[in-house]
Amino acid sequence: MCGIAGIVSSEEVNQELYEALTVLQHRGQDAAGIVTCEGDRFHMRKDSGLVRDVFHTRHMRSLNGKMGIGHVRYPTAGCTTSAEAQPFYVNSPYGITLAHNGNLTNTQTLKREVFVQDQRHINTDSDSEVLLNVFAHELQELGKLKINADDVFQAVSGVHRRCRGAYGVVAMVTGFGIIGFRDPYGIRPLVYGERRTEHGTDYMIASESVALDVLGFKLIRDLKPGEAIVIEKNGKPHLRQCAEKTLHSPCIFEFVYFARPDSIIDDISVYKARMRMGTKLAAKIMRERPNHDIDVVIPIPDTSRTAALQLANRLGVKYREGFIKNRYIGRTFIMPGQQLRKKSVRQKLNAIDLEFRGKTVLLVDDSIVRGTTSMQIIQMARDAGARKVYFASASPPVRFPNVYGIDMPAAEELIAHGRSDAEVQQELGADWLIYQDLPDLIAAVQKGNPAIRRFDTSCFNNEYVTGDINQDYLDLLGVNRSDQAKSRRDAENSVIEMHNTA
């Protein structure tokens, strides 16, 4: 999962791109990058780390220009070096830079095509660099010295024909403008907005509407699946549908976990969707245990708070903050290695004993992926004196990998994979485990926009919306995403960096 942003303005954009990436930091904590365009020249700064650590005053001063794009990332196929930080750049044709949120599912095929047919070199293992070169080749095939919006739309159509999987993209062509486009299924989010100033109208593209809000842009709408927007450097926008066939299937995990609650995605308030998840989960609890003995509902901060509060209200049970979070520790299921994940949980959360002592506690989390964090939190509740520890997940069991841009582990490392709910309960050490039902999760999100008839729910039900995922692909993905593979890459990258430092 990554966060992307692009701005065309009447003023310098470096500071606003920095602020946009800071707002989108929850979408990626592995690396950050900004590219601005001044006349016919790009200025780039990118590196591993958080936004605040990558950009210092000396970097910001060099990022001149009134249009630019930015990116925050975490790796979708294991650990990376700074060489895979985005945006990526190619000099031919015109000079193009691109940032990508999502994951291509036909990367290996495309790599061969790009090398053999397009005669282009790929320098990293990133599918985003492949996507950039496909886009660049489609533009180059037009054979024009100077391009216009129609040319860009034609190139995006070519990308849709060749690329499979999920992609929300911002790109910039030197001296021309910025481009945004979304895959034909609309799996990953992408919105755009405008801001009127005394000098004209500025435009912005971003992964989430909250980035627009913070910078004073008015949200116009989401890009439709397969749609592209071109904003020329003079601020003139153009929109066009570039895919022949579309089937709107946004990723439901955006609403469960990734997006900020103050964002609106595909006309659905993330906050209200999570409230409805809490309502649905409370109804299930009342069906299964109408005479429950829950004394207090405690959320696992931060994503589950909205659902947990609504659940407590519906049950008529006290809601309490029982865990205090260290906000300087990253999200644990996307951390690159099981040992690091285990170590981080105790650093991340600390229990307030008086909220647990002698009580039957219902802990609420947005999801259970590996189970590592959940297991330790349940033990923390017991250590704090809880009489019984129940655990509720606002989403169904995560039993299958996500192939569209979320770095969920190999299937065998998912605690619910191949296990019944009762077996997961036993593994976690909970006195009772309750999951959200998938139809209830879909209903909770869909109520915000009934026009969306389908969501990507593949990590829950093994149904991949793009229709090109088979067991061979999943097996290969599992090999690349396993903790063993990540540990090996960590070791290799450490050796490389030590050699470069020496």
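Select Arg289 and Tyr390 to begin: Arg289 lies over the face of Tyr390, 5.6 Å from the ring centre. The model on screen is predicted.

**Aromatic pairs**

Next come the aromatic side chains, which make 12 aromatic pairs in this structure. Select Phe42 and Tyr89: this pair is edge-to-face, with 5.8 Å centre to centre and 85° between the planes. The pair links distant parts of the chain, since Phe42 is in strand 3 (residues 41–48) and Tyr89 is in strand 5 (residues 88–90), 47 residues apart. Phe42 has 18% relative accessibility and so counts as buried. Tyr89 is partly exposed, with a relative accessible area of 44%.

Move to Phe135 and Phe181, an aromatic pair that is tilted, with 5.9 Å centre to centre and 40° between the planes. Here too distant parts of the chain are linked: Phe135 belongs to helix 5 (residues 127–140) and Phe181 to strand 8 (residues 177–182), 46 residues apart. Phe135 is buried at 0% relative accessibility, and Phe181 is buried at 0% as well.

For a group of rings, select Tyr74, Phe253, Tyr257, Phe258 and Phe460, which form one aromatic cluster.

**Helix 5**

Go back to Phe135 and show the whole of helix 5, residues 127–140. Of its 14 residues, 13 are buried, so the helix is mostly covered. How far apart are the end C-alpha atoms of helix 5? They are 20 Å apart, which agrees with the 20 Å that 14 residues should span at 1.5 Å a residue. At the start of the helix, pick Ser126 and Ser128: a side-chain oxygen of Ser126 reaches to within 3.1 Å of the backbone nitrogen of Ser128.

**Cysteines**

Select Cys251 and Cys459. The structure holds 0 disulfides. Cys251 is in no disulfide, and the nearest cysteine sulfur to its own is that of Cys459, 6.6 Å away. Cys251 is buried, with a relative accessible area of 1%, and Cys459 is buried at 2% relative accessibility.

Now select Arg161, in helix 6 (residues 149–162). Arg161 is exposed, with a relative accessible area of 57%.

**Backbone stops**

Most residues other than glycine have a negative phi, and most peptide bonds are trans. Select Gln86 and Pro87, which are joined by a cis peptide bond with omega of about 5°. Pro87 lies in the loop between strand 4 (67–73) and strand 5. Then take Pro301 and Asp302, where the peptide bond is cis, with omega near 5°. Asp302 is in the loop between strand 16 (296–299) and helix 10 (305–315).

Turn to Asp267, which is not a glycine but has a positive phi of about 65°. Asp267 is placed in the loop between strand 14 (264–265) and strand 15 (268–269), and counts as exposed at 55% relative accessibility.

Finish at Asn462, again not a glycine, with a positive phi of about 65°. Asn462 is in the loop between helix 15 (458–461) and helix 16 (471–481). At 33% relative accessibility, Asn462 counts as partly exposed.

Definitions and conventions: Residues are numbered from 1 along each chain as its sequence is written. This is a predicted model: local features need pLDDT of at least 70, side-chain atom pairs count only at pLDDT 80 or more; totals for chains, interfaces and linings use all residues. Side-chain values use heavy atoms; hydrogens and water are left out. Rings of Phe, Tyr and Trp (its six-membered ring) pair if their centres lie within 6.5 Å; planes under 30 degrees apart count as stacked, over 60 as edge-to-face and the rest as tilted. Helices (H or I, at least four residues) and strands (E, at least two) are DSSP runs, numbered from the N terminus. Buried means under 20% relative accessible area, exposed over 50%, partly exposed in between (1.4 Å probe, protein chains only). A charge sits over a ring if NZ of Lys or CZ of Arg is within 6 Å of the ring centre and within 35 degrees of the ring normal. The expected span of a helix is 1.5 Å times one less than its number of residues. A polar contact is a pair of N or O atoms within 3.5 Å; within protein, one must be able to donate a hydrogen and the other to accept it, and residues adjacent in sequence count only if both atoms are side-chain atoms. A disulfide is a pair of cysteine sulfur atoms within 2.5 Å.
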